[in-house]
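User: I am new to this structure and would like to learn how to read a few of its features. Please take them one at a time.

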Amino acid sequence: MYPVTDIRQVTMFFDSQCCDTIEMVFEGVTAFNLRPAGDNYTADISVASLIIKDASIFFCDDRIEEWDESYKGIWITAYGLRWRFVR
């Protein structure tokens, strides 16, 4: 992550046993909530949500139906998103 005001970009890599690594680049980040896994829990993400609303993107590490910035897990909001499979 680059905390410089003019960049506001976050890059995340997700590894999987089912497919190639996925790289997600969030651009124009407006908020980012990063929480470590709790004691006796793993940091694995088995499901995720990507919600688009009013030209913004909300991504979180669980299945949810609506945009929820009070969600207690990891989430990010941004104006843009690029993604690709990395081999």
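Analyst: Start with a loop: Asp54 sits between strand E3 (49–53) and E4. Strands (E, at least two residues) are DSSP runs, numbered from the N terminus. The model is predicted: local features need pLDDT of at least 70, side-chain atom pairs count only at pLDDT 80 or more, and totals for chains, interfaces and linings use all residues. Residues are numbered from 1 along each chain as its sequence is written, and side-chain values use heavy atoms, with hydrogens and water left out.

User: What is the phi of Asp54?

Analyst: Most residues other than glycine have a negative phi. Asp54 has a positive value, near 50 degrees. Ala55, in the loop between E3 and E4, also has a positive phi, of about 65 degrees.

User: Is Asp54 buried or exposed?

Analyst: Buried means under 20% relative accessible area, exposed over 50%, and partly exposed in between (1.4 Å probe, protein chains only). Asp54 is exposed at 68%, and Ala55 is exposed at 61%.

User: How many aromatic pairs are there?

Analyst: A pair of aromatic rings is described by the distance of the centres and the angle of the planes. Rings of Phe, Tyr and Trp (its six-membered ring) pair if their centres lie within 6.5 Å; planes under 30 degrees apart are stacked, over 60 edge-to-face, and the rest tilted. The count here is five. One of them, Phe14 with Phe59, is tilted, at 5.9 Å centre to centre and 55 degrees between the planes.

User: Which parts does the pair of Phe14 and Phe59 tie together?

Analyst: Phe14 lies in strand E1 (residues 9–14) and Phe59 in strand E4 (residues 56–60), so the pair ties together parts 45 residues apart in sequence. Phe14 is partly exposed at 22%, while Phe59 is buried at 7%. Together with Phe26, Phe14 and Phe59 form one aromatic cluster.

Definitions and conventions:
Helices (H or I, at least four residues) and strands (E, at least two) are DSSP runs, numbered from the N terminus.
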